[in-house]
Number of protein chains: 2
Amino acid sequence: MAYRRTENVVRRLAEREQTILDAARSIAGEEGMGAVQIAAVAQRADIAAGTVYRYFPSKNDLVADVIGAMAERELAAIRAAADAAPGPLSALAACIATFAARALQERRLAWAVMAEPVDADIDALRLDFRRALVAELEKRISTAVAGGHLPDQDARVAAPAVIGALLEGLVGPLAPSAGSAREAVQTVTLLALRALGVVDARARGLVAQCVLP
Amino acid sequence: MAYRRTENVVRRLAEREQTILDAARSIAGEEGMGAVQIAAVAQRADIAAGTVYRYFPSKNDLVADVIGAMAERELAAIRAAADAAPGPLSALAACIATFAARALQERRLAWAVMAEPVDADIDALRLDFRRALVAELEKRISTAVAGGHLPDQDARVAAPAVIGALLEGLVGPLAPSAGSAREAVQTVTLLALRALGVVDARARGLVAQCVLP
DNA sequence: CCCTCCCATGAATCATCGTTCACTCATTCT
DNA sequence: AGAATGAGTGAACGATGATTCATGGGAGGG
């Protein structure tokens with residue numbers, strides 16, 4: 001009879017897979033995507049390099065899983081925050097502030113996953129993540145425009161521009177690292193809302209109402 | 001008597017160095033930074049790989065020169081446009097629109113030089129370029145704020161955020177490629193000015209006044 | 001015209017990583 | 001207990017790409 005996986009073994013395998021994923025993610029968050037190398041991941045996970053390949057067919061698959069998991073988490077958080085808001089403009093503000101706050105919380109990782117050098121295959125996957133983010137934002141912008149809460153504009157340009165502003169203003173290498181996180185998030189959120197055509201005073205009000213972690 | 005470089009030889013050497021730089025730049029502009037490899041550059045310049053090393057001590061030095069030259073050109077163009085403007089707000093608008101227009105004109109190259117995967121050593125140089133850009137913008141923003149033309153804000157955050165918005169909205173992989181360049185530039189410039197706190201109507205006026213190439 | 005210098009060449013070398021595989025060892029089944 | 005299975009290992013391999021170097025050839029000096 002064929003060898004059958006014990007309860008115990010199944011759990012151990014799953015744990016190890018998670019350990020490998022965690023190792024990859026923590027390296028990305030500490031030293032950037034470039035440092036996510038099989039040897040390094042294996043070392044951090046306390047296993048041999050070859051073992052990684054018993055869990056992931058290739059390095060790209062491993063990195064893809066890291067990015068995919070993060071994408072899922074972030075998108076869910078953003079959607080939840082937006083859906084809980086009372087109106088289209090509040091939803092937009094919540095969307096932006098949530099993304100900003102969460103990105104800032106894991107600053108290095110956010111940058112690594114969203115904007116750092118990677119192999120072309122991985123880049124495609126990362127693009128999917130960004131595309132999904134942009135699509136989410138675009139939807140909220142279009143809704144607000146349709147409802148007359150924002151001046152008429154091309155959401156196809158505005159959405160990626162806002163994402164760019166948030167990333168560069170908060171987590172990019174040129175963003176100031178000092179200062180309160182809360183304040184930084186409010187600053188860029190305000191900036192983004194104004195960019196979309198919300199007048200200063202109203203934008204400040206929306207930002208103040210946002211529930212920030 | 002010792003060998004002495006003839007007029008003619010000196011010129012030929014200078015020309016060849018320029019040819020190599022041009023080859024590197026054109027490859028970066030067509031296929032991205034990753035495609036800038038010694039072999040490829042040499043082939044495009046119609047010389048042997050080893051010859052490149054008679055002109056540049058390393059690949060990084062070559063790439064650094066490409067980036068440095070571009071940085072110098074772009075900064076000069078932006079400064080000129082801003083200095084020619086009548087007031088602080090016009091200068092800001094000119095700054096932004098000029099950067100946007102020039103980046104869009106050489107879209108792929110701009111992305112390659114400002115945001116694409118490179119070796120860590122190069123990344124430092126690229127950061128210098130971005131830092132200079134941000135500093136320029138920051139200066140203009142601060143001036144406008146001091147003059148009461150913009151609401152009080154942290155230019156240290158706003159400046160990189162604006163650069164990010166321009167890059168992502170115009171030349172990033174998610175920016176829509178179709179449509180008139182002029183219109184795209186105006187759209188993101190408007191977005192950026194509003195982000196800084198210029199009210200919609202006034203921002204539209206400023207954008208309309210900008211001299212676009 | 002001949003002798004030096006350099007410049008140019010491109011095959012060979014070196015370094016870096018992802019990936020493989022022959023082998024060891026723990027676990028499962030009879 | 002003994003055989004069978006499959007997880008774990010890590011040195012070796014292969015691909016890619018930067019850098020070097022022994023050698024050939026053309027230009028400057030006498």
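**A tour from the core to the interface**

Begin in this predicted model with the largest nonpolar core, which has 143 residues, and select Val162(A), Ala165(A), Leu166(A), Val162(B), Ala165(B) and Leu166(B), the residues with the most contacts inside that core. As a general background, nonpolar side chains tend to be buried together in soluble globular proteins.

Next, keep Val162(A) selected and look for its partners, leaving aside residues up to four places away in sequence: Val162(A) touches Ile96(A), Leu137(A), Ala192(A) and Ala195(A), and also Ala165(B) from the other chain letter.

Now select chain B where it meets chain A, a place at which 35 residues of chain B are in contact with 35 residues of chain A. On the side of chain B that touches chain A, the elements that give two or more residues are helix H7 (120–146), helix H8 (155–171) and helix H9 (181–195) of chain B, and H8(B) provides the largest share, twelve residues. If you colour that side of chain B by residue class, you will find 23 nonpolar, five polar and seven charged residues.

Finally, move to chain A and select helix H4 (residues 59–83) together with helix H7 (residues 120–146), whose axes lie 9 Å apart and which pack at an angle of about 5 degrees. Angles under 35 degrees count as roughly parallel, and H4(A) and H7(A) are therefore roughly parallel to each other. Residues that make this contact include Val63(A), Ile67(A) and Leu75(A) of H4(A), and Leu125(A), Phe129(A) and Leu133(A) of H7(A). By class, the contact of H4(A) with H7(A) has twelve nonpolar, one polar and five charged residues.

Notes:
Residues numbered from 1 in each chain as written. Chains lettered and ligands numbered in written order. Predicted model: local features only at pLDDT ≥ 70, side-chain atom pairs only at ≥ 80, totals over all residues. Contact = placed C-beta atoms within 7 Å. Helix = DSSP H or I, 4+ residues; strand = E, 2+ residues; numbered from the N terminus. Nonpolar A, V, L, I, M, F, W, Y, C, P; charged D, E, K, R; others polar. Axes fitted to C-alpha atoms, helices over the stretch in contact; angles between N-to-C directions. Parallel < 35°, antiparallel > 145°, perpendicular 65-115°, else oblique. Core = buried A, V, L, I, M, F, W, Y, C linked by C-beta atoms within 7 Å. Buried ≥ 20, exposed ≤ 12 C-beta atoms within 10 Å, placed from the backbone.
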